[in-house]
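Subject: Structure for you to look at

Hello,

Here is the structure I promised to pass on. Please open it next to this email and follow along.

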Amino acid sequence: MLLDSILGLFSRDMGIDLGTANTLVLLKDKGIIINEPSVVAVQNERYGKQRIIAVGAEAKEMLGRTPGDIEAVRPMKDGVIADFDMTEKMIRYFIEKTHKRRFFVSPRIIISVPYGLTQVERKAVRESAMIAGAREVYLIEEPMAAAIGAGLPVNEARGSLVVDIGGGTTEIGVISLGGIISAKSVRVAGDKIDASIVNYVKEKYSLLISERAAEEIKIKIGTAVQQQKDLTYTVKGKDQISGLLSSVDLTSEDVREAIKDSIREIADALKFVLESIQPEVAADIVENGVVLTGGGALIRGLDKYLSDTVKLPVFVADEPLLCVANGTGKALEEIKSLKQAAND
């Protein structure tokens, strides 16, 4: 206990939103200090060895642009670890960057994870963080972290409903009295929406584009419902027929058509959760509405689309991209009273 107290004086407790698309790192009492893509660039050397040459934003710039001996890897897939070794190296990089490699003492870390992760998957997350240099590792489920970060009254005896649309998964949770009483995780989120745009442009315009280009299209002109004025965007790629470089002018209507199946799946998951809750909790949700967090919450008109589908008020949280990370930070501050959220 004494040693733990001494270590606590010199280490900085951290919250990590270990996302499929981006990793956010929050320091206790300092706020979010890192927000970078979850990408690692490695150089393949002799005898099967790999040397890390970039992590985060620098590595993402290399996606699709690397020579034969360099590979840009996304170690997280659908919210879970797809490459254990690369995830451990990525977490270590963020820990060392946070502490600036000076007087490094292993920190205590809370990491957000998708709802319903298996014990094997939870163990993989914990082990990655411990090997990377953590002193203690706690896991908090993303619906809870998102709700805390959005400022919802998670400890009160009333139901709050959050829909967190990340890169790999959409996490839907109903929270009351500090616990999740109903939830669903679906592997339909930003990455699948981007892939649907890639496929749509390929099928309709015979143009091959990257997922990075699709993400840009989604951000620039993506809409879930008809807007007063259609937006347009010129996307460049390779003509599938001629093999030559070409470009196409896309509209918001194109994007709506491309992503309609993905957002319908999210709406169906939300309806499933609503159908599973008790009448008392349902009354709370009718009164308080649904809160959207995560990058997907920024798709124009998605709040209206979901509201029209479930016949409830739907709101976008303040700073939706930061809600999960901020939630891990608040959980650090109240770790003793959030034992139901942090699973050690």
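Predicted model: local features only at pLDDT ≥ 70, side-chain atom pairs only at ≥ 80, totals over all residues.

Start with strand β11. It runs parallel to strand β17 (residues 290-293), and four bridges join the two.

β11 has another partner. It pairs with strand β12 (residues 170-176) over six bridges, this time in the antiparallel sense. Look for isoleucine 165, which stands opposite threonine 170 in β12. The two strands, β11 and β12, form a hairpin, with four residues between them.

Is β11 buried or exposed? Six of its six residues (160-165) are buried, so the strand is largely enclosed by the rest of the structure. Check both faces. Ser160, Val162 and Asp164 point one way, while Leu161, Val163 and Ile165 point the other way, and all are buried.

Now move to two helices. At what angle do the axes of α5 and α11 cross? The answer is roughly 85°, and the axes come within 6 Å. Angles of 65 to 115 degrees count as roughly perpendicular, and α5 and α11 are therefore roughly perpendicular to each other. From α5 (residues 142-149), the contact uses Glu142, Ala145, Ala146, Ile148 and Gly149. From α11 (residues 323-333), it uses Cys323, Val324, Asn326, Gly327, Thr328 and Lys330. By type, the residues of this contact divide into five nonpolar, four polar and two charged.

Best wishes

Methods:
Residues numbered from 1 in each chain as written. Heavy atoms only, no water. Axes fitted to C-alpha atoms, helices over the stretch in contact; angles between N-to-C directions. Parallel < 35°, antiparallel > 145°, perpendicular 65-115°, else oblique. Contact = heavy atoms within 4.5 Å. Nonpolar A, V, L, I, M, F, W, Y, C, P; charged D, E, K, R; others polar. Buried < 20%, exposed > 50% of the residue type's maximum accessible area, 1.4 Å probe, protein only. Pairing = 2+ DSSP bridges.
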